[in-house]
Amino acid sequence: MNRIVQPLQQMGVPIATSGTGTAPLRLQARPKDRPLKAIQYTLPVASAQIKSCLLLAALAADGESVLREPGPSRDHTERMLRGMGVTVISERVDHVYATRIVPAGRLEPIEYVVPVTCPRLRS
């Protein structure tokens, strides 16, 4: 869980793990007048899950956040956020994949249909 907890703590998220460093995670509310800190962070491994967690937190940050990965990962969260009016810029510089996000004041609602691809789940 430290791959998620450490960068969130750098942003100012009041978060803690269990005594052994595992789930469950405990989060506390922060004052509304105290935004999270923008972050420049290099993920130790390419991970869409960790990147998505940090991108969503960056929506409440005080400026542009930049996330770097050693390789490509899925970009579903970036696509969703762009559809909601958020400025998300993805680029490859040398062998590093970088995603920049500028916090949005308001997210525009979207309607999205998640396709079912597993025949067992169809009714």
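## Briefing: helices, sheet and core

Let's begin inside the fold: Leu54 touches Pro7, Leu8, Met11, Tyr41, Leu43 and Leu67, leaving out residues up to four places away in sequence (contact means heavy atoms within 4.5 Å). The model is predicted, so local features need pLDDT of at least 70 and side-chain atom pairs count only at pLDDT 80 or more, while totals for chains, interfaces and linings use all residues. Residues are numbered from 1 along each chain as its sequence is written, and side-chain values use heavy atoms, with hydrogens and water left out.

**Overall layout**

- The protein has three helices and six strands; helices (H or I, at least four residues) and strands (E, at least two) are DSSP runs, numbered from the N terminus.
- Read from the N terminus on, the elements follow the order α-β-β-β-α-β-α-β-β.
- A box of roughly 40 × 35 × 35 Å, taken along the principal axes, holds the C-alpha atoms of the protein.
- Of the 123 residues in the protein, 30% are buried (buried means under 20% relative accessible area, exposed over 50%, partly exposed in between, with a 1.4 Å probe and protein chains only).
- Among contacts between residues at least 6 apart in sequence, 58% join residues at least 24 apart.

**Nonpolar core**

- The largest nonpolar core has 21 residues, and Leu8, Met11, Leu54, Leu67, Leu81 and Ile101 touch the most other members. Such a core is a set of buried Ala, Val, Leu, Ile, Met, Phe, Trp, Tyr and Cys residues joined through side-chain atoms within 4.5 Å.
- Helices α1 and α2 each supply at least two residues of this core, and α2 gives the most, with five residues.

**How α2 meets α3**

- Helix α2 (residues 48–58) and helix α3 (residues 76–83) pack at an angle of about 25 degrees, with their axes 9 Å apart. That angle makes α2 roughly parallel to α3. Here, axes are lines fitted to C-alpha atoms, for helices over the stretch in contact, and angles run from 0 to 180 degrees between N-to-C directions. Angles under 35 degrees count as roughly parallel, over 145 as roughly antiparallel, 65 to 115 as roughly perpendicular and the rest as oblique.
- On the α2 side, Lys51, Ser52, Leu55 and Leu56 meet Thr77, Glu78 and Leu81 of α3.
- By class, this contact has three nonpolar, two polar and two charged residues; Ala, Val, Leu, Ile, Met, Phe, Trp, Tyr, Cys and Pro count as nonpolar, Asp, Glu, Lys and Arg as charged, and the others, Gly among them, as polar.

**The sheet**

- Four strands form an open sheet in the order β3-β4-β6-β5, with mixed pairing (two strands pair if DSSP finds at least two bridges between them).
- The edge strands, β3 and β5, each pair on one side only, and the twist averages 15 degrees from one strand to the next.
- α2 packs on the sheet, touching β3, β4 and β6, and its direction makes about 175 degrees with that of β4.
- α3 also packs on the sheet, touching β5 and β6, and its direction makes about 140 degrees with that of β5.
- β4 and β6 pair in the antiparallel sense over five bridges; Arg68 stands opposite Ala98 in β6, while the bridge partner of Leu67 in β6 is Thr99.
- Strand β5 (residues 87–93) pairs with β6 in the antiparallel sense over seven bridges, with Ile89 opposite Arg100 in β6.
- β5 and β6 form a hairpin with two residues between them, and Asp94 in the turn has a positive phi of about 55 degrees.

**Two loop residues to look up**

- Thr17 lies in the loop between β1 (15–16) and β2 (26–27) and is buried, with a relative accessible area of 13%. Leaving aside neighbours within four places in sequence, Thr17 is in contact with Met1, Val5, Thr22, Pro24, Leu25 and Arg26.
- Gly63 is found in the loop between α2 and β4. Not counting residues up to four places away in sequence, Gly63 touches Ala38, Ile101 and Pro103.
- Gly63 and Thr77 are 14 residues apart in sequence and 19 Å apart in space, C-alpha to C-alpha.
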